[in-house]
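Try each task before you read its solution.

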Amino acid sequence: MVDQNFGQGNVSARVYYPTSLLSEGPFPLVNFMHGWFGRPSNYDVLCLHIASHGYVVASTAGTSGLFPDTVSYARDSRAILHEVTDASADPQSWLYGLVEAAGDWSSIGHSMGGATLGHMVAIEPRVSLVIG
């Protein structure tokens, strides 16, 4: 996705949603941030499991390498959360109607993603729950 809100440029994520509960939406939005040297696809099983309980999960593809930039990772994750929410309000988007427009967000981080959580809550007031 191209970040239209914060100027982060191209940001990547995998988005999971509760396919068996679609008629019950919209759903709360959760961000997942992977660990060091990881990528979103490494966490497909976990994110699908979370989604199956009635959440839309945006798993951000963050920085990797020997010196990860957790501040940039938090900014990318914030951008993804806003882009997914904006897309959910767009009748032309496949995400239309899936995300609660005014609800609080949650953010989950594993390893490096967990180290990013502090930066995330510092820049995004809608994140009301974090799980490291």
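Helices (H or I, at least four residues) and strands (E, at least two) are DSSP runs, numbered from the N terminus. This is a predicted model, where local features need pLDDT of at least 70, side-chain atom pairs count only at pLDDT 80 or more, and totals for chains, interfaces and linings use all residues. Residues are numbered from 1 along each chain as its sequence is written, and side-chain values use heavy atoms, with hydrogens and water left out.

**Exercise 1.** Locate L66 and decide whether L66 is buried or exposed.

*Solution.* Step 1: look in the loop that connects β3 (56-60) with α2 (70-88), where L66 sits. Step 2: apply the cut-offs, with buried under 20% relative accessible area, exposed over 50% and partly exposed in between (1.4 Å probe, protein chains only). Step 3: L66 counts as exposed because its relative accessibility is 60%.

**Exercise 2.** Work out how the residues of β4 point and how covered they are.

*Solution.* Step 1: recall that side chains in a regular strand alternate between the two faces of the sheet. Step 2: W105, S107 and G109 point one way, while S106 and I108 point the other way. Step 3: 5 of the 5 residues in β4 (residues 105-109) are buried.

**Exercise 3.** Find the strands that pair with β4.

*Solution.* Step 1: pairing requires that DSSP finds at least two bridges between two strands. Step 2: β2 (residues 29-33) runs parallel to β4, joined by 5 bridges, and L29 has W105 as its bridge partner. Step 3: β5 (residues 127-131) also pairs with β4 in the parallel sense, over 4 bridges, with I108 opposite I131.
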